[in-house]
Amino acid sequence: MLTSYVHFLIHSQYDGDKWDTFYESIPISLLHHTNGNAIYNTSHPLLERLVGQLEVEAPCPYNSIPYDYRMSQMWVEGTLGIVPELAPKIMLNEEGENITLSDNLEMFKKWADIWEREDPFKYTPVIHNYAATNLIPRHLGPEYIIHGAKLYSPWDPTKTDVTLVVSEWFFDRSLHLIQNLDEKDHPYSEIVVMVPPVAGAHDDYDEMTSVKVTTQHRGAPDFMDLCEADIKTDWFMITNSHHHVARHVDLMFTPGTFKPVIPFTPATYPFCFKFPYCKETISLAQRINPGHSKVVLDMDMLYNTKERNAFCKEWKEENGDEGEDLYKNEQRRLMFRKKIIGPPGPTGTSYLAYLAKNGKEGMYKLTDRSLYGARPPFIKIFAKEEKLDGMSEDELAKRLGMTLMDNTTDCNCGAFETEIDCEESVVGCIWRPLFESCHPPELIDGSEPICSSTDAPTMAPTVSLPESDTDSPTATANVDDESEEDSTSEADPWYVSMFKSREHEGSTTESNNTLNDDELRRKLTAHIDSNTEGYIDNLSLEGVVDEAYLLEGNHESDHDVERREMISNLKQDESEYEKQMKIRATQLREIEYNELINSQLDLLDDSELILLEELLVGASKHVQRRDDNDVGLEF
């Protein structure tokens with residue numbers, strides 16, 4: 001027992017890294033809460049009050065919160081005025097009615113006023129709280145007491161040789177991975193770069209890295225690289241040229257038995273089934289092993305080459321050498337969908353399902369990433385290019401021209417791999433020395449993320465795509481990263497905020513005043529018809545009005561009659577422009593509605609689709625009977 005009142009608690013905060021991907025959304029009281037492994041000063045008045053409050057709250061919903069976390073909530077409520085939010089289900093009594101909790105804010109503030117200056121919570125490095133985080137010895141610090149660590153063995157080069165397969169398409173983006181490979185802590189003894197049949201092979205890889213690099217030309221589609229890669233070692237991993245190797249590839253193995261530790265995501269609605277791609281991945285895996293319920297990311301799996309070969313042989317026999325028979329027995333399902341959102345080839349999840357079916361799942365130690373976390377072995381650096389490379393010309397036009405992609409920004413602090421880059425980042429990232437990783441800063445509860453995203457459209461209806469390739473990574477870029485959001489006044493028509501014209505962003509600048517008569521006449525007398533749809537797409541109404549002001553106020557003309565005629569044509573153009581924009585908005589709404597219907601259909605299983613088909617057939621027969629009776633239907 002401590003007799004000094006200086007500190008009532010000597011403790012450790014959470015020191016692991018499994019929360020880093022959602023760090024900004026964690027309440028401050030949870031980030032700074034203590035744990036059971038702490039030293040309490042039982043004579044401190046603040047501890048007496050906190051414990052007394054815990055006893056008072058025993059019959060109420062606050063009792064569902066662990067005592068150490070609840071004490072942190074009381075202190076944060078008193079010092080920062082943040083009242084914790086409880087889950088709605090916890091706030092119901094036995095009759096299902098809402099429970100009203102007492103307001104303790106003023107009482108907690110009084111406690112804070114008395115003891116806040118004393119800094120009653122003392123952090124100590126002697127105790128480290130990892131809260132069930134998977135670790136290897138390099139992650140441990142100077143602590144003597146460890147709380148909640150799952151300790152595994154690191155990769156041993158004398159026991160395991162690992163090959164890295166890199167899927168490449170064009171533009172030599174994999175060179176960025178290869179050139180920086182020697183700077184990384186990784187287990188790879190060989191690199192196999194999978195390239196298209198027409199791509200050339202490099203003969204200077206030995207000048208870029210000390211690791212052996214070979215090029216293999218594909219004889220099958222790229223989604224078959226998992227099965228087609230020629231591997232000489234017993235184990236291998238796979239990534240693509242949009243990534244590079246992480247600063248530390250922390251492969252983990254069980255002590256003694258040396259089984260690879262592989263993270264998986266449970267196949268539940270919150271983690272998987274609400275995402276069409278994940279749901280389809282599980283559905284395909286369950287063809288191999290009914291009841292399969294674990295999702296493994298392709299880039300997280302350490303594949304055994306011998307078992308990979310057996311898995312791929314069976315997969316090809318069932319689905320075709322190039323996956324052409326993957327959906328041959330699901331024609332009814334395809335009738336309702338333009339495209340099935342899911343993997344077109346073999347996956348790490350299907351590989352695991354094959355092992356489970358054959359009783360070989362035990363060759364791995366599987367760990368739930370939702371409980372114990374996982375560190376990515378590869379970091380995405382060509383985010384913008386990955387989105388664009390995978391789209392056809394039609395899809396690109398649809399994405400960039402019609403559906404208006406969300407204005408999202410990638411603020412992944414985990415992409416910063418050095419302390420300097422992390423601490424100098426504009427988003428306030430924080431370096432974690434023990435793990436040599438970067439994580440987001442903490443935020444006041446309910447605050448907007450540092451890099452917020454918006455669904456507001458910020459792009460013009462037509463956007464010219466860059467024809468040249470990028471040599472440097474663009475992990476933080478988006479396809480609309482060059483567009484800026486326009487601010488429009490409330491007096492503008494309803495559709496102005498939906499469109500932006502680069503041609504007229506600077507319509508009041510001096511350079512615009514140098515337009516000659518022919519250029520002004522050409523612009524202002526352009527009539528909107530089917531042959532000038534480009535005019536609609538590239539000229540906002542705001543820009544038209546600006547040109548009118550320019551004509552009337554800033555441009556001197558000796559022909560007043562001609563000017564009045566041009567203004568008259570301009571007014572006609574404005575009217576027609578508004579009409580065309582309303583038609584375009586209707587088309588956009590129809591497209592968004594159809595995409596919504598398709599996304600909902602992707603969430604239905606086969607039995608639900610059959611039921612839907614029967615309902616539609618019945619409805620069409622009903623409509624036909626109504627039509628036969630000359631009774632009109634309105635929709």
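## The main core

In this predicted model, the largest nonpolar core takes in 56 residues. Leu-164, Tyr-188, Ile-191, Met-237, Val-245, Phe-311 and Tyr-364 are the ones with the most contacts inside that core. Strand S8, covering residues 188-195, supplies the largest share, with six residues. Another core lies apart from this one; it has 12 residues, including Ala-38, Met-71, Phe-108 and Trp-115. As background, nonpolar side chains tend to be buried together in soluble globular proteins.

Not counting residues up to four places away in sequence, Phe-311 touches Leu-226, Ile-288, Pro-346, Thr-347, Ser-350, Tyr-351 and Tyr-354. Several of those names come back below.

## Where H9 meets H11

How do the axes of H9 and H11 cross? Helix H9 (residues 305-319) and helix H11 (residues 348-357) have axes that come within 10 Å and cross at roughly 95°. That angle makes H9 roughly perpendicular to H11, because anything from 65 to 115 degrees goes in that class.

On the H9 side, the contact is made by Glu-307, Arg-308, Ala-310, Phe-311 and Glu-314. H11 brings Ser-350, Tyr-351, Tyr-354, Leu-355 and Lys-357 to the contact. Sorted by class, you get five nonpolar, one polar and four charged residues.

Is H11 mostly enclosed or mostly open? Eight of its 10 residues are buried, so H11 is largely enclosed by the rest of the structure. The buried ones are Gly-348, Thr-349, Ser-350, Tyr-351, Leu-352, Ala-353, Tyr-354 and Leu-355.

What do these buried residues pack against? Their partners are helix H8 (276-288), strand S14 (294-295), strand S15 (303-304), H9 and strand S16 (365-368). After H11 comes Gly-359, which has a positive phi, near 70°.

Thr-347 sits in the loop between helix H10 (331-335) and H11. With a relative accessible area of 5%, Thr-347 is buried, because the cut-off for that label is under 20%. The Thr-347 side chain reaches the backbone nitrogen of Ser-350 at 3.1 Å, and Ser-350 is one of the H11 residues in the contact with H9.

Thr-347 and Leu-284 are 63 residues apart along the chain, yet their C-alpha atoms are separated by 9.3 Å.

## Asp-250, a buried charged residue

Asp-250 belongs to the loop between strand S11 (243-245) and strand S12 (252-253). At 17% relative accessibility, Asp-250 counts as buried, since the label applies under 20%.

What does the Asp-250 side chain pair with? Its partner is the side chain of His-139, in a polar contact at 3.2 Å. Leaving out neighbours within four places in sequence, the contacts of Asp-250 are Ile-136, Arg-138, His-139 and Arg-375.

Most residues other than glycine have a negative phi. Here are two that go the other way. Ala-132 has a positive phi, near 60°. Ala-132 is part of strand S4 (residues 127-135) and is partly exposed, with a relative accessible area of 22%.

The other is Glu-436, with a positive phi of about 50°. Glu-436 falls in the loop between strand S18 (430-432) and strand S19 (437-439). With 29% relative accessibility, Glu-436 counts as partly exposed.

## Val-51 in H2

Val-51 is in helix H2 (residues 45-56). Is Val-51 buried or partly exposed? At 35% relative accessibility, Val-51 counts as partly exposed. Its C-alpha atom is separated by 8.8 Å from that of Tyr-67, 16 residues apart along the chain.

## The chain as a whole

Stepping back, the chain has 20 helices and 19 strands. Of its 635 residues, 42% count as buried. What share of the contacts join residues at least 24 apart? Among contacts between residues at least 6 apart in sequence, 75% do.

Methods:
Residues are numbered from 1 along each chain as its sequence is written. This is a predicted model: local features need pLDDT of at least 70, side-chain atom pairs count only at pLDDT 80 or more; totals for chains, interfaces and linings use all residues. Side-chain values use heavy atoms; hydrogens and water are left out. Axes are lines fitted to C-alpha atoms, for helices over the stretch in contact, and angles run from 0 to 180 degrees between N-to-C directions. Helices (H or I, at least four residues) and strands (E, at least two) are DSSP runs, numbered from the N terminus. Angles under 35 degrees count as roughly parallel, over 145 as roughly antiparallel, 65 to 115 as roughly perpendicular and the rest as oblique. Contact means heavy atoms within 4.5 Å. Ala, Val, Leu, Ile, Met, Phe, Trp, Tyr, Cys and Pro count as nonpolar, Asp, Glu, Lys and Arg as charged, and the others, Gly among them, as polar. Buried means under 20% relative accessible area, exposed over 50%, partly exposed in between (1.4 Å probe, protein chains only). A polar contact is a pair of N or O atoms within 3.5 Å; within protein, one must be able to donate a hydrogen and the other to accept it, and residues adjacent in sequence count only if both atoms are side-chain atoms. A nonpolar core is a set of buried Ala, Val, Leu, Ile, Met, Phe, Trp, Tyr and Cys residues joined through side-chain atoms within 4.5 Å.
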